[in-house]
Amino acid sequence: MIKPMKIIFYSLAILLFIGPVFLLVLQSFTEVWQFSAGQSLTFQLDSYSTLVSDPNIMEATFWSLVIGACVLVINLVIGLLSGKALSSSSFKGKSLLEALFLAPILIPVLAIAMGLHLFMIRIGLADTWTGVVLIHLVPTLPYSIKIFHNAYHQFGNHLLEQAEILGATGFRQLHTIELPLLKPAIRSVTFLTIVISLSQYAITAIIGGGRIITLPLVFFPFLQTANTSLMAAFSVWFALLPFFMYLVVELLLLLLPYTRKPWRNLR
Amino acid sequence: MNYSLDVINLYKKFGEKKILQNLQFQLGQGKSLSIVGPSGSGKTTLLRILAGLESPTHGTIMLNGKNVTHHKPNKRNIGLVFQQPLLFPHMTVKENIDYGAKMAGQSSKSKTADLLRAISLNDYADRFPAEISGGQQQRVALARAIASEPEVLLLDEPFSSLDVQLREELRYWVKDFLSQQQTTTIFVTHDLEEAMLMGDHIAIFHEGIFQQLDDADEIHKHPVNPFVARFLKSHLVIDDHQYIPIQSIRSRKPEGEHRSYTAKLLHWTYTLGQKTGHFYIEELHETITMPIGTIGLKEKFSIYLPLEKIQFFQEAGNRK
């Protein structure tokens, strides 16, 4: 017998997640449906061919992937190290430091980007993809640090001390204990970082100077069109990127030791 | 003599607070020492220093003749079982046991299988820690520590998170298990009974030093100072120099020379099936616990201390 909670969960998931995604995908493959006129659905691929024929789409997809991947890797490294330090050490001014780590999301990122733009011009980082990666760290790193801090706090120092006493070196401790236990945090950071990085229009335009084209820069001009099928196709294309990155990260996580492979989890 | 563990003048200070004050003791191969003392006395800090998780302010720790004072925890062959089992939640029981051995480069399937059999959990080898009980988890933690073949094993109140019945069962099991493995052990507890059961010798720890280190008989027969006598709860401390064993206190006036005091009944309980009273001796400001027996449930009555039974504390220092 299915429990009532399960029914509620599946109903909400269908209503709020699967349903809208299904409609979006359906819309991208059909012409605009005028159900009031009694028309049936007409399938088409024109929206995708218009999308692919845009001269900037491939370049924008490539740069979005490269920038997203770099932002993710830097977030993982800095987030993990800072999260661990915040969770395991105790020192004067720790609360202040925690507040400072969160500060970038309290100030409008546009203000930071405009301030940094001059600095980046001076050091030659303006109009480069490296500059865009650095500016994308501003709205992403505070979340990553917070997520890793909480994750380390959750499994506690004693577990790591236990591994050390059993003879694990710092690297083996990271490889065999920390990373496997941080999987949920890594997944959250992956999604959050990629989605935030992919959504940055203004700061990418300012620091990239129009030379670094990412998907939002291509996407916004499309907003002027009234073709909902084309918009839906673009949205599906847009959504495939984080999904692809998530798949890559999931495959990499499978390489970690003590991972239950999906086909071993049948018990 | 080459000891498994030789602790020389160990001193630790946190700010102005002295935790260890020139602590000194030795432990031979296969011996077990129980360290017992009130909560917050610094027992756990001592174990953390021995394991390398904290560094001493000064002093030396020798492990089988080798100075390991400044070695990292993963570079000194000392095992530590914490109050909580701290099993790695993403590993199965078998993988947990094998982990320490693997890190030490001493992993073998037969050793893991032997340990699983020894802790009677061979049927649970592929279970995850969350799928076994608290007592089973603590056994796995112990097997994991043993698997890395430590030169000295430290146990920090490993049964404190278990219920009374399970704790008692595990005590005997662990005691037998460790003596079979011939492991040199330091067992920390705040429970005197547990300390007597688990250790060949008992060290009573207070104010950063071992107030007395001896076997259970000697400690009970000759407590060296008022703190030890009070901690044992088997003596009435008369002053800083004299005490009397509780079984020598009389409720009827003895014929010989004696002292008498007034005892006030605070409350009573049952201990080992016997009605036991908790009394306050007004003149001495001491509280004692003794069988009610022939006294009866009177609110106030006189107790008599035969002079020939009164003994003097003989400070012996740290002995072994």
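**Exercise 1. Compare the span of helix α1 of chain A with the expected span, then describe its bend and its burial.**

Step 1. Helix α1(A) covers residues 4–28, 25 residues in total, and spans 35 Å from its first C-alpha to its last, close to the 36 Å expected at 1.5 Å a residue. The expected span is 1.5 Å times one less than the number of residues. Helices (H or I, at least four residues) and strands (E, at least two) are DSSP runs, numbered from the N terminus.

This is a predicted model, in which local features need pLDDT of at least 70, side-chain atom pairs count only at pLDDT 80 or more, and totals for chains, interfaces and linings use all residues. Residues are numbered from 1 along each chain as its sequence is written, while chains are lettered from A and ligands numbered from 1 in the order in which they are written.

Step 2. A kink of about 45° is centred on Ile14(A); the bend at a residue is the angle between axes fitted to the seven residues ending there and the seven starting there.

Step 3. Two of the 25 residues of α1(A) are buried, so the helix lies largely in the open. Buried means that 20 or more other C-beta atoms, placed from the backbone, lie within 10 Å of the residue's own; exposed means 12 or fewer, and partly exposed is in between.

**Exercise 2. Find the strands that pair with β1 of chain B.**

Step 1. Strand β1(B) (residues 5–14) pairs antiparallel with β4(B) (residues 58–63) over five bridges. Pairing requires at least two DSSP bridges between two strands. Within this pair, Val7(B) has Ile61(B) as its bridge partner.

Step 2. β1(B) also runs antiparallel to β2(B) (residues 17–27), joined by seven bridges. Here Phe14(B) stands opposite Lys17(B).

Step 3. The hairpin of β1(B) and β2(B) has two residues between the strands, and Gly15(B) takes a positive phi near 65° there.

**Exercise 3. Describe the contact between chains A and B from the side of chain B.**

Step 1. Chain B gives 18 residues and chain A gives 15, where contact means C-beta atoms, placed from the backbone, within 7 Å.

Step 2. On the side of chain B, β6 (78–81) and α2 (93–103) each supply at least two residues. The largest share, four residues, comes from α2(B).

Step 3. This side of chain B divides into 11 nonpolar, six polar and one charged. Ala, Val, Leu, Ile, Met, Phe, Trp, Tyr, Cys and Pro count as nonpolar, Asp, Glu, Lys and Arg as charged, and the others, Gly among them, as polar.

Note on methods: Two residues are in contact if their C-beta atoms, placed from the backbone, lie within 7 Å.
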